[in-house]
Amino acid sequence: MEKLSWHQKFLLKRELKITCRSFQQLGYSSVNETELMNYLVSYRWKKKAPSSIKACREDILHIEPNEFFDYQQLIAQTSNLTIKDWHDLTDLF
């Protein structure tokens, strides 16, 4: 799944909000809907996307924080940014 249409994103917005809220309740305050959507499209659903919007919704509600942060760590390791370019590292500690 390369990209989602605005309509597909709209249909998934509620589940993204719920998952963000869940992460925030666990203490991960800087996670936002855009980052979650990027994770889904560019990593989790890259090879095998769910077959329907309903399946996408279910999958979003079952994202575990460690799965998302493993992806974030992978992005950080493969990024060209230096430690000086990172502004907020508090979620990593």
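Predicted model: local features only at pLDDT ≥ 70, side-chain atom pairs only at ≥ 80, totals over all residues.

Residues are numbered from 1 along each chain as its sequence is written, and side-chain values use heavy atoms, with hydrogens and water left out.

Two packed helices are described by the angle between their axes and the distance between the axes. Axes are lines fitted to C-alpha atoms, for helices over the stretch in contact, and angles run from 0 to 180 degrees between N-to-C directions. Helices are DSSP runs (H or I, at least four residues), numbered from the N terminus.

Start with α1, residues 6-25, and α2, residues 33-44: their axes lie 9 Å apart at an angle of about 110°. That makes α1 roughly perpendicular to α2 (65 to 115 degrees; under 35 counts as roughly parallel, over 145 as roughly antiparallel, and the rest as oblique). On the α2 side, the residues in contact (heavy atoms within 4.5 Å) are Glu33, Leu36, Met37 and Leu40. Those of α1 include Lys9, Leu12, Leu16 and Phe23. By class, this contact has 7 nonpolar, 1 polar and 4 charged residues. Here Ala, Val, Leu, Ile, Met, Phe, Trp, Tyr, Cys and Pro are nonpolar, Asp, Glu, Lys and Arg are charged, and the others, Gly among them, are polar.

How do α1 and α3 pack? Their axes are 9 Å apart, at an angle of about 20°, with α3 covering residues 53-61. That makes α1 roughly parallel to α3. Among the residues in this contact are Leu11, Leu12 and Ile18 of α1, and Ile53, Cys56 and Ile60 of α3. The class count is 8 nonpolar, 2 polar and 2 charged.

Now α2 again, this time with α4, residues 65-78: the axes cross at roughly 80° and come within 11 Å. So α2 is roughly perpendicular to α4. Leu36, Tyr39 and Tyr43 are among the α2 residues there, and Phe68, Tyr71 and Leu74 among those of α4.

Last, the second largest pocket. Which helix gives the most to its lining? α2 does, with 5 residues.

Terms used
Helix = DSSP H or I, 4+ residues; strand = E, 2+ residues; numbered from the N terminus.
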